[in-house]
Amino acid sequence: MTNTNNDSHTDSIAWSHIHDLAKEAMTKAYAPYSNFPVGVAALVSDGRYVSGCNVENASYGLGLCAECGLVSNLAHSGGGRLIAVVCVDAAGNYLAPCGRCRQLLFEHGGPELLLMTPDGPQTMASMLPWAFGPDNLK
Ligand code: THU
């Protein structure tokens with residue numbers, strides 16, 4: 001895989017471990033309607049890891065994306081900033097977070113947050129350009 005981000009900070013991130021945690025979280029998904037389990041995991045600024053899985057609902061539109069669980073886990077386990085995120089599908093392949101979830105992740109990681117893609121880690125600034133966020137409300 002090509003790492004398109006040459007920041008040494010990026011190279012020091014345990015991407016393989018985050019990937020493993022995302023795949024583990026995916027196995028906990030509750031996705032009986034779409035049959036599309038998703039897992040996501042992230043490194044937090046204090047060094048801990050958080051994760052989440054999608055949890056669907058008989059009222060289809062109320063289903064929770066995996067990233068919803070991740071940010072809930074982040075807050076519940078002590079907060080902090082998201083540094084690096086890996087999202088996966090049932091096969092463990094890197095999955096693009098949906099638009100709404102990019103917004104959720106942006107809130108807690110900002111433009112520097114790194115998201116693993118098939119082309120290597122990409123910044124949230126590139127995945128969600130000119131994002132609306134907390135700074136707009138100041
Ligand atoms: N899904 C996520 O959990 N995260 C995403 O970023 C993309 C989509 C879930 C929602 C739904 O349970 C299933 O994938 C199919 O759309």
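The shell around the ligand has 6 nonpolar, 2 polar and 2 charged residues. Here Ala, Val, Leu, Ile, Met, Phe, Trp, Tyr, Cys and Pro count as nonpolar, Asp, Glu, Lys and Arg as charged, and the others, Gly among them, as polar. The model is predicted: local features need pLDDT of at least 70, side-chain atom pairs count only at pLDDT 80 or more, and totals for chains, interfaces and linings use all residues. Residues are numbered from 1 along each chain as its sequence is written, and side-chain values use heavy atoms, with hydrogens and water left out.

Now the shell itself. S34, F36, V38, N54, E56, C65, A66, E67, P97 and C98 surround the ligand (each has a heavy atom within 4 Å of it). E67 uses a polar side-chain atom, 2.9 Å from an oxygen of the ligand. Alone, the ligand exposes 370 Å², and the protein buries 77% of that (Shrake-Rupley method, 1.4 Å probe).

Next, the cysteines. The structure holds 0 disulfides. A disulfide is a covalent bond between the sulfur atoms of two cysteines; the cut-off here is sulfur atoms within 2.5 Å. C101 is in no disulfide either; the nearest cysteine sulfur, in C98, is 3.5 Å away. C65 is partly exposed, at 29% relative accessible area, whereas C101 is buried at 0% (buried is under 20%, exposed over 50%, partly exposed in between; 1.4 Å probe, protein chains only).

Terms used
Polar contact = N/O pair within 3.5 Å; in protein donor to acceptor, adjacent residues only side chain to side chain.
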